[in-house]
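Work through the exercises below with the sequence and the structure side by side. Each task is followed by a solution in steps.

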Amino acid sequence: MISKEHFKRPNNRLEGEQEPKVAALDAQDEQDLPVLVCPECKAAFDRDVREETDFVCPRCGALWQMSARERALWLADEGTFAEMDASLECADRLHFPGYAEKLAKTQRDTGEREGVVTGTAEIDGESCALFCMDPFFIMGSMGAAVGEKITRLFECALEKRLPVVGYTVSGGARIQEGMFSLLQMAKTSGAVMRHGNEGLFYVAVLTHPTTGGVVASFAMEADVILAEPLALIGFAGPRVIEQTLRQKLPEGFQRAEFLLQKGFVDRIVPRNEQKRELALLLKLNRKGADR
Ligand SMILES: [Zn+2]
């Protein structure tokens, strides 16, 4: 019988020293409050300021976390986002202790069935298939339903000859689903490859944090890989690596800026430029494909 105790391990002296600088708004708990408090600078704002400033703190510049649905609606031209597989959700096949309750609570708190929102959309008039992962849904972890929704999106894009735009945020594979979760890495990768083999375009935008099985599959398989400033991107997190190597990692290790230097990321794009940049990439690609 698996118990939560199997996944516990003692803390060590290196832990907690590399906390992310990207502001994690606990949006779901705070959604009912009339004001929003920036977790980074503690300034209070009217809730409407979020859309007006592209979810960036106007005082300190911190990037506020966005839910998958907020991201999709913010990015897509008004009224163009058509959601797919909205009711698809995972099953607790392993009867993992506490998973069914956690899932039910997360669904209640977020109003979402699963950790990714998928559909077709237009970005500045350019048609695409779009997926956005959700940091508030069990840390954007990839379970069977997340993998299935992303796979179906690529299959739909292949059928309709559409490019794919994907926003990733993930703590990695969803441990509560064990092998069913890990299987999604191979399944999504197959779908990405079939889409790419037909000459169709895929651009990923890696947001904070994108880690684990998602990095080891579809996040890093895009034709063009963009990232948000300061995003933590890596397979194992810095704390795990430090504990394994028993040494401190260099400053900024696994941040988007570090990965850009090493060639793993093509470009870092601030939030207020993302829509324009994505539309330009889609347009250039469409023109190239038309020739
Ligand atoms: Zn702030």
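This is a predicted model: local features need pLDDT of at least 70, side-chain atom pairs count only at pLDDT 80 or more; totals for chains, interfaces and linings use all residues.

**Exercise 1. Helix 5 and its cover**

Compare the span of helix 5 with the expected value, list the buried residues of helix 5, and say what covers them.

Solution. 
- Step 1. Helix 5 has 17 residues. From first C-alpha to last, helix 5 reaches 24 Å, close to the 24 Å expected at 1.5 Å a residue.
- Step 2. The buried residues in helix 5 are Ala144, Ala145, Val146, Gly147, Glu148, Lys149, Ile150, Thr151, Leu153, Phe154 and Ala157.
- Step 3. Their cover includes strand 3 (82–84), strand 4 (116–123), strand 5 (126–133), strand 6 and helix 6.
- Step 4. Look at what follows the helix. Arginine 161 comes after helix 5 and has a positive phi, near 55°.

**Exercise 2. Alanine 144**

Is alanine 144 buried or exposed, and which residues does alanine 144 touch?

Solution. 
- Step 1. Alanine 144 is placed in helix 5.
- Step 2. Count the neighbours. Alanine 144 has 21 C-beta neighbours inside 10 Å. The cut-off for buried is 20 or more, so alanine 144 counts as buried.
- Step 3. Leave out residues up to four places away in sequence. Alanine 144 then touches Cys90, Glu177, Phe180, Ser181 and Gln184.
- Step 4. Alanine 144 and glutamate 89 are 55 residues apart in sequence, yet 8.3 Å apart in space, C-alpha to C-alpha.

**Exercise 3. Packing of helix 5 on helix 6**

Work out how the axes of helix 5 and helix 6 are oriented, and describe the contact.

Solution. 
- Step 1. Helix 6 spans residues 178–197. The axes of helix 5 and helix 6 come within 9 Å and cross at roughly 10°.
- Step 2. Angles under 35 degrees count as roughly parallel. Helix 5 and helix 6 are therefore roughly parallel to each other.
- Step 3. Helix 5 brings Ala144, Val146, Gly147, Ile150, Thr151, Phe154, Glu155, Ala157 and Leu158 to the contact. Helix 6 brings Phe180, Ser181, Gln184, Lys187, Thr188, Ala191, Val192, Arg194 and His195.
- Step 4. Sort the residues of this contact by type. They divide into 9 nonpolar, 6 polar and 3 charged.

**Exercise 4. Backbone features**

Locate arginine 161 and arginine 246, say why each counts as exposed, and find where the cis peptide bond is.

Solution. 
- Step 1. Arginine 161 sits in the loop between helix 5 and strand 6 (164–170). Its phi is near 55°, a positive value in a residue other than glycine.
- Step 2. Arginine 161 counts as exposed because it has 12 C-beta neighbours inside 10 Å, and the cut-off for exposed is 12 or fewer.
- Step 3. Arginine 246 lies in the loop between helix 7 and helix 8. Its phi is also positive, about 55°, although arginine 246 is not a glycine.
- Step 4. Arginine 246 has 8 other C-beta atoms within 10 Å, so it is exposed.
- Step 5. The peptide bond from histidine 208 to proline 209 is cis, with omega near -15°. Proline 209 lies in strand 7, residues 202–211.

**Exercise 5. Glycine 252**

Where is glycine 252, and which residues does glycine 252 touch?

Solution. 
- Step 1. Glycine 252 is in the loop between helix 7 (238–245) and helix 8 (256–262).
- Step 2. Glycine 252 has 13 C-beta neighbours inside 10 Å, so it counts as partly exposed.
- Step 3. Not counting residues up to four places away in sequence, glycine 252 touches Glu257 and Phe258.

Definitions and conventions: Residues are numbered from 1 along each chain as its sequence is written. Helices (H or I, at least four residues) and strands (E, at least two) are DSSP runs, numbered from the N terminus. Two residues are in contact if their C-beta atoms, placed from the backbone, lie within 7 Å. Axes are lines fitted to C-alpha atoms, for helices over the stretch in contact, and angles run from 0 to 180 degrees between N-to-C directions. Angles under 35 degrees count as roughly parallel, over 145 as roughly antiparallel, 65 to 115 as roughly perpendicular and the rest as oblique. Ala, Val, Leu, Ile, Met, Phe, Trp, Tyr, Cys and Pro count as nonpolar, Asp, Glu, Lys and Arg as charged, and the others, Gly among them, as polar. The expected span of a helix is 1.5 Å times one less than its number of residues.
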